[in-house]
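Work through the exercises below with the model open beside you. Each task is followed by a stepwise solution.

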Number of protein chains: 2
Amino acid sequence: MSTEFRIVRQEPLTQFCQKVFEKMGVPPRDAATTTEVLVLADLRGIDSHGVARLRRYYTGLKNGVMVSKPVIQTVHETPLTALLDGGAALGQVAGKQGMNLAIEKAKKNGLGFVAVRNSNHYGIAGYYSLMALKEDLIGIALTNSDCYVVPTFGRDVLLGTNPISVTVPALKERPFVLDMSTAVATLGKLEVYNRMGKKLPHGWATDEKGLFCDDAGRVLNNIRSKAGGGLLPLGGEGEEFGGHKGYGLDLLVDIFCGVLPGLAYLNLLYPKTPDGKPLPSLVGHFFGAMRIDAFRPAEDFKKDMDNMIRRLKSSNKAQGQDRIYVHGEKEFELEEKYRREGIPLYHKVYEDLKAIGEEVGVPFTL
Amino acid sequence: MSTEFRIVRQEPLTQFCQKVFEKMGVPPRDAATTTEVLVLADLRGIDSHGVARLRRYYTGLKNGVMVSKPVIQTVHETPLTALLDGGAALGQVAGKQGMNLAIEKAKKNGLGFVAVRNSNHYGIAGYYSLMALKEDLIGIALTNSDCYVVPTFGRDVLLGTNPISVTVPALKERPFVLDMSTAVATLGKLEVYNRMGKKLPHGWATDEKGLFCDDAGRVLNNIRSKAGGGLLPLGGEGEEFGGHKGYGLDLLVDIFCGVLPGLAYLNLLYPKTPDGKPLPSLVGHFFGAMRIDAFRPAEDFKKDMDNMIRRLKSSNKAQGQDRIYVHGEKEFELEEKYRREGIPLYHKVYEDLKAIGEEVGVPFTL
């Protein structure tokens with residue numbers, strides 16, 4: 001482990017990323033937001049969505065796919081809902097504005113739902129649903145994403161790993177934080193299997209014929225070249241294990257994030273010029289916030305959440321298991337540990353951050 | 001097939017069930033609602049939730065678990081939300097009232113969300129989400145249910161197969177109707193495997209130790225006696241195939257249907273007297289309705305839905321497949337066929353209906 005990782009404190013990591021974004025022309029407040037979302041992912045152990053992606057944003061800002069000083073516009077607004085156009089902003093900037101608006105509406109009127117179009121990759125969905133927590137609201141965050149997933153019985157990657165995140169407050173227990181992709185596995189996991197030369201479990205991915213494939217490298221290449229095949233939806237191949245359910249959830253996220261905002265969905269996302277240069281990604285998000293006391297007193301509700309969580313955790317374990325988790329729990333524990341002890345970064349990620357620092361002219365002193 | 005099934009027309013089947021409910025003291029309007037939900041399930045090919053369950057309701061009404069003339073009360077109400085107490089009504093009666101209220105609020109104000117507590121099994125969730133369609137709304141229906149499902153790493157059945165249904169209108173294409181349990185398989189499927197002496201696929205269910213079990217009969221017995229083990233959540237055993245995601249969705253449904261209404265959740269549902277007699281089931285539901293034009297013109301949205309559906313359906317198929325489905329499509333096709341040609345009922349179901357007719361004194365002339 002010591003050779004593979006480098007432990008980094010969150011404060012200097014935050015300062016470094018913030019400065020990189022500022023150098024790329026992002027206003028300080030937006031640079032802080034974007035950095036906060038990335039570092040929170042690392043703190044919560046979701047390293048696939050953390051600072052490892054800094055180059056993606058750096059490149060996006062450099063080639064104009066992401067706009068450093070976007071004009072975010074309100075396309076339509078009611079007391080409960082809104083549709084925003086993100087102006088090709090960094091997803092985190094458009095996302096935070098969207099979720100803040102949903103929260104504001106919910107605080108005032110009980111419910112708030114905001115759709116955002118013309119945005120970009122926004123990091124972990126959990127960041128936004130967690131924002132609702134401070135206000136004792138139930139928070140919902142969905143986003144569509146680049147196409148890596150095939151529909152049930154299909155061969156083309158037409159869907160993203162389109163995550164669903166819902167945060168529900170509890171009283172003394174930790175909140176319930178669902179933050180799940182609707183695919184059976186992530187591209188990041190396939191990369192790990194590929195590096196280790198391990199065969200993929202049955203039902204994770206398909207080949208160019210649309211049939212199960214255990215070769216991670218082949219699947220990754222096919223996804224990149226759109227040669228056919230890709231990740232399978234939650235539930236795997238066909239219908240035997242409920243793959244059509246995962247496909248349905250994946251599609252549902254795209255309906256709310258792509259069709260409802262009305263700009264791009266399926267493989268209309270991430271368009272390119274005829275000569276293959278990337279254009280703004282047209283990613284969309286959907287945010288919701290709900291006041292608990294629109295139904296019954298929040299305090300009573302949160303007591304019941306505690307009770308539910310305790311009943312689950314104290315129930316009998318399967319043989320060989322010593323713990324039942326509630327969603328978000330593992331991530332909260334990692335966050336406490338990493339805030340205390342520092343964040344482990346892959347050497348490769350560490351070196352890449354250093355290189356970005358040199359390219360953009362930000363001293364790298366981690 | 002001809003020996004296993006009996007073809008029955010929907011009109012006399014509807015009349016028969018309606019009369020049975022009326023004989024049990026259910027007012028004509030409520031008898032019609034309950035019957036309509038059951039027969040629609042059969043028409044849409046979801047026979048596990050159709051008239052095969054008439055005995056369950058008949059018995060429930062007889063032993064007082066379901067109340068024929070319930071007092072359904074508004075516990076809390078805002079212009080956008082409500083909490084209803086179903087008074088141990090037939091789930092269909094409390095459910096329809098709840099969804100109607102959500103629709104009414106959405107029509108007036110853009111959004112409507114209604115939680116219902118103290119209800120009973122309400123049949124297919126899709127019936128309620130489909131109600132929103134007539135008003136050009138997006139419809140959402142969730143319900144918790146009797147505990148057949150174990151949490152990831154757990155051994156006790158603490159969760160129902162808790163379905164999620166969302167209906168989204170399209171223009172010329174059929175609407176998107178997601179109606180899925182959050183378990184990998186249903187009890188009904190296990191019963192089929194048991195009858196056929198077939199081994200269960202890996203990841204469907206666990207034994208009393210909480211480990212995978214391919215013996216359907218043993219799993220069914222264990223679920224009934226709460227001896228340990230049960231159905232697995234969507235994604236199967238452990239976390240390798242995303243079982244924790246299915247578990248999270250299952251729990252989420254129980255948070256909205258059990259914790260939010262605030263009466264019963266997990267295995268607090270379906271309580272019994274100390275000597276094992278069933279008490280009212282305390283099932284809860286959650287309904288939502290959303291106006292599309294709260295975000296953008298409904299007509300434009302529906303055109304994009306058509307486009308999304310067509311792009312999916314015309315995309316390349318996996319080898320050996322000739323069709324990609326959109327959710328609800330199979331059921332709409334069956335519905336057209338069964339309305340035209342009659343509904344196939346298992347002989348066992350047919351005989352059971354006949355027996356109920358004799359017990360309750362309703363002529364059976366199907």
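**Exercise 1.** Find the residue with a positive phi just after helix 3 of chain B, then describe how helix 3 of chain B is packed.

*Solution.* 
- Step 1. Helices (H or I, at least four residues) and strands (E, at least two) are DSSP runs, numbered from the N terminus.
- Step 2. This is a predicted model: local features need pLDDT of at least 70, side-chain atom pairs count only at pLDDT 80 or more, and totals for chains, interfaces and linings use all residues. Residues are numbered from 1 along each chain as its sequence is written, while chains are lettered from A and ligands numbered from 1 in the order in which they are written.
- Step 3. Helix 3 of chain B covers residues 54-62. Its buried residues are Leu54(B), Tyr57(B), Tyr58(B), Gly60(B) and Leu61(B). Buried means that 20 or more other C-beta atoms, placed from the backbone, lie within 10 Å of the residue's own.
- Step 4. Down the axis of helix 3 of chain B, these buried residues fall within an arc of 165°, so they line one face of the helix. The arc is taken over directions from the helix axis to the C-beta atoms.
- Step 5. They pack against helix 1 (10-23), helix 2 (28-43) and helix 11 (347-360) of chain B. Contact requires C-beta atoms, placed from the backbone, within 7 Å.

**Exercise 2.** In what order do the seven strands of the open sheet in chain A lie?

*Solution.* 
- Step 1. The order is 2-3-4-8-5-6-7, with mixed pairing. A pair needs at least two DSSP bridges between the strands.
- Step 2. Strand 2 (73-77) and strand 7 (176-180) of chain A are at the edges. Each has a single partner strand, so one side of each lacks a neighbour in the sheet.

**Exercise 3.** Characterise strand 6 of chain A: which partners, and buried or exposed?

*Solution.* 
- Step 1. Strand 5 (residues 137-143) of chain A runs antiparallel to strand 6 (residues 164-168) of chain A, joined by four bridges. Across this pair, Ala141(A) stands opposite Ser165(A), and Leu142(A) opposite Ile164(A).
- Step 2. Strand 7 of chain A is also antiparallel to strand 6 of chain A, over five bridges. Here Thr167(A) partners Val177(A).
- Step 3. In a regular strand, side chains alternate between the two faces of the sheet.
- Step 4. Ile164(A), Val166(A) and Val168(A) are buried on one side, Ser165(A) and Thr167(A) on the other. Five of the five residues of strand 6 of chain A are buried, so it is largely enclosed by the rest of the structure.

Notes:
A residue is buried if 20 or more other C-beta atoms lie within 10 Å of its own, exposed if 12 or fewer, and partly exposed in between; C-beta atoms are placed from the backbone. Two residues are in contact if their C-beta atoms, placed from the backbone, lie within 7 Å.
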